[in-house]
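Open the model in your viewer and keep the sequence panel beside it. Each stop below says what to select and what is found there.

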Amino acid sequence: MESENYVYKKEIDWSTLMEGFTLPLDNQVIFLRNMENFLQRGQSKIIHFFMNGKTYDAKIVNMNNSVEKRKKDAYQIRYPRNGELSQALQQYFFKSMSYIKMIRENRDPKDRSYIKMPDGLKEYLAIYTTEYEDTFLLEPIA
């Protein structure tokens with residue numbers, strides 16, 4: 001993969017395994033350059049992720065935050081909980097899934113704090129642009 005195609009390396013967490021993640025501000029421009037057009041606040045569109053020989057649909061959303069609350073646009077990648085992409089990620093990143101699930105099951109149900117993976121167990125999802133509009137390559141790094 002050519003380095004100019006690289007967009008972002010996301011550390012695997014519960015949200016990524018379940019239903020999506022926020023695209024950091026620093027990585028938005030290169031990601032959005034591969035899309036037909038930028039989205040206005042509150043707009044969304046279907047995009048495609050290619051991973052391990054299969055294509056998955058997801059949605060990119062420009063969050064509808066007020067200008068007072070947030071000056072910059074905030075983009076989220078979303079996919080259905082228990083949908084094809086989330087299931088594929090859960091299967092591929094079974095170590096992260098098992099660890100996070102164990103912590104969640106053994107803590108106070110009211111505790112919604114972020115679960116940080118130990119250094120030796122961290123897994124990542126690298127995202128690359130492709131030559132196809134609205135299509136991105138996902139590379140699991142276990």
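Start by selecting Asp 119, which is exposed, with a relative accessible area of 67%. This model is predicted.

**The rest of the network**

Select Glu 11 next. The side chains of Glu 11 and Lys 122 form a salt bridge at 4.0 Å, N to O. Glu 11 belongs to strand 1 (residues 6-11), while Lys 122 is in the loop between helix 4 (94-105) and strand 6 (124-129), so the pair ties together parts that are 111 residues apart in sequence. Are Glu 11 and Lys 122 buried or exposed? Both are buried.

**Another salt bridge**

The structure holds seven salt bridges. One of them joins Asp 134 and Lys 45, with the closest N and O atoms 2.9 Å apart. This pair links distant parts of the chain: Asp 134 is in the loop between strand 6 and strand 7, and Lys 45 is in strand 3, 89 residues apart. Asp 134 and Lys 45 are both buried.

**A charge over a ring**

Select Lys 9 and Tyr 124. Lys 9 lies over the face of Tyr 124, at 4.4 Å from the ring centre.

**Aromatic pairs**

A pair of aromatic rings is described by the distance of the centres and the angle of the planes. How many aromatic pairs does the structure hold? There are five. Select Phe 49 and Phe 136: the ring centres are 6.1 Å apart and the planes are at 50°, so the pair is tilted. Phe 49 is part of strand 3 (residues 44-51) and Phe 136 is part of strand 7 (residues 135-141), so the pair ties together parts that are 87 residues apart in sequence. Phe 49 counts as buried, at 1% relative accessibility, and Phe 136 is buried too, with a relative accessible area of 0%.

Move on to Tyr 92 and Phe 93. The centres of these rings are 5.3 Å apart and the planes are at 75°, so the pair is edge-to-face. Tyr 92 is partly exposed, with a relative accessible area of 34%, whereas Phe 93 counts as buried at 0%. To end this stop, select Phe 31 together with Phe 49 and Phe 136; ring pairs link these residues into a cluster.

**The largest pocket**

Select Asp 13, Trp 14, Arg 81, Arg 104 and Tyr 114, which are among the residues that line the largest pocket. The volume of this pocket is about 210 Å³. Which elements give two or more residues to the lining of the largest pocket? They are helix 1 (14-18) and helix 4. By class, this lining divides into four nonpolar, two polar and five charged residues.

**The second largest pocket**

For the last stop, select Lys 10, Asp 13, Thr 16, Phe 21 and Arg 78, which are among the residues lining the second largest pocket. This pocket has a volume of about 160 Å³. Helix 1, strand 2 (20-23) and strand 5 (75-78) each supply at least two residues of the lining. The lining of the second largest pocket has three nonpolar, five polar and four charged residues.

Methods
Residues numbered from 1 in each chain as written. Predicted model: local features only at pLDDT ≥ 70, side-chain atom pairs only at ≥ 80, totals over all residues. Heavy atoms only, no water. Phe/Tyr/Trp six-rings, centres within 6.5 Å; stacked < 30°, edge-to-face > 60°. Helix = DSSP H or I, 4+ residues; strand = E, 2+ residues; numbered from the N terminus. Buried < 20%, exposed > 50% of the residue type's maximum accessible area, 1.4 Å probe, protein only. Lys NZ or Arg CZ within 6 Å of the ring centre and 35° of its normal. 1 Å grid on protein atoms, 1.4 Å probe; cavity = no way out; pocket = protein on both sides within 12 Å on 5 of 7 lines; lining within 4 Å. Points joined across faces, edges and corners; volume = space filled by probe spheres on them. Nonpolar A, V, L, I, M, F, W, Y, C, P; charged D, E, K, R; others polar.
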